[in-house]
Amino acid sequence: MIAYLLRRLFRIPLVLIASFVPAFLLVHAAPNGPFDPARALPLAVETALAGSCDLDEPLLLEMLAALISWLRLDVDGCTGISLVDAGAVLPAIARALVPTLQLALLAIVLALVLGVGGGIVAATATAKVSERFSRSALAVVAAMPAFVLAPFLVLVGSLWLPLFSPARFLSPLEMLVPAGALGLAFGAAVARVTCDALRAPEAVKRRTVDVARGLPRWRARLRGLRLALLAVLAGLAPMASAIVMGAISVEIVFDLDGLGPLVVQAAAGRDYNLLLGGVLAYAALLLTLHLGTDTLYGALDPRVRSAR
């Protein structure tokens, strides 16, 4: 297991570097950016950049210096200062990363809990009408994008029925609303995967054989559920990536101080340094979630840990 985790940890810096290089090149080539000799930035920004930005250095040295500073989380110089207000980029990214991480993790947990539970209920439906109804309901929920469901929840739960705050000032319990808007469709997809895995002919045959060998029925079903979870975990990494990127629209609708609105505002205001930091923050967040899902998958399936 340790070697399995070390192989994945070794890939994280490589992926971060692969994400940083094209983003830095875009910042370097951007007009009115920190590396543009003809830039026309606010006076406070020019003053902050004057003592730390050497435009005469070769491109490779500039990129290496910026990369090392970002990897060390000690960012200064040309890429560490906001081009709008001359503020430090790294603290702003760190503050915005916390609510985004909380929202994404809560949405993933809700998607897994509701999805696995719904899949078990759908798999145990015996009547053909109940089976068709459950599958149709899962298909409808899976087709609801977060940017449609989130305004609907705000309209109903906040404006028509004053059940929670419309935006920004959400209590820990009320955070379930944006997390639900973000994770509900993915929960329906998880439910369909769980249901199909439990109702597969091989799974039914395996449970029948286990019961015939004297294994208690509940243990046979628990073993079948464990194998069904492998199918869920196999798609958990791309699902987590989709949830993190889908959080941008939910954060905007609920006016949360997350990473999504910060990056959107940076792109709209041409704050290339803040945009560069947002790209790296998203890359680090996605890599961390992928590492967590790979760890869970390896813990449940020994064949993955021993694979080269």
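1. R270 sits in the loop between α11 and α12, the latter covering residues 272-300. In this predicted model, R270 has a positive phi of about 55° although it is not a glycine. Most residues other than glycine have a negative phi. The side chain is not hidden: R270 has a relative accessible area of 59% and counts as exposed, because the cut-off for exposed is over 50%.

2. D255 is not a glycine, yet its phi is positive, at about 55°. D255 belongs to the loop that joins α10 (236-253) to α11 (259-268). Is D255 exposed or partly exposed? Its relative accessibility is 35%, so D255 counts as partly exposed.

3. The largest nonpolar core has 63 residues, and the members that touch the most others are F20, L103, L182, F254 and L259. Helix α4, residues 89-123, supplies the largest share of this core, with 11 residues. Another core of 6 residues lies apart from it and includes A122, A123, A197 and L198.

4. Which residues does F20 contact once neighbours within four places in sequence are set aside? They are M63, A66, L67, W70, L276 and L280.

5. T194 is part of helix α7, which runs over residues 176-199. The relative accessibility of T194 is 1%, so this threonine counts as buried, the limit being under 20%. With neighbours within four places in sequence left aside, T194 is in contact with G115, V116, G119, I120, A228 and V232.

6. The last point concerns V15, in helix α1 (residues 2-29). V15 counts as partly exposed because its relative accessibility is 34%. How far apart in space are V15 and A284, C-alpha to C-alpha? The distance is 8.9 Å, although 269 residues separate V15 and A284 in sequence.

Technical notes. Residues numbered from 1 in each chain as written. Predicted model: local features only at pLDDT ≥ 70, side-chain atom pairs only at ≥ 80, totals over all residues. Heavy atoms only, no water. Core = buried A, V, L, I, M, F, W, Y, C linked by side-chain atoms within 4.5 Å. Buried < 20%, exposed > 50% of the residue type's maximum accessible area, 1.4 Å probe, protein only. Helix = DSSP H or I, 4+ residues; strand = E, 2+ residues; numbered from the N terminus. Contact = heavy atoms within 4.5 Å.
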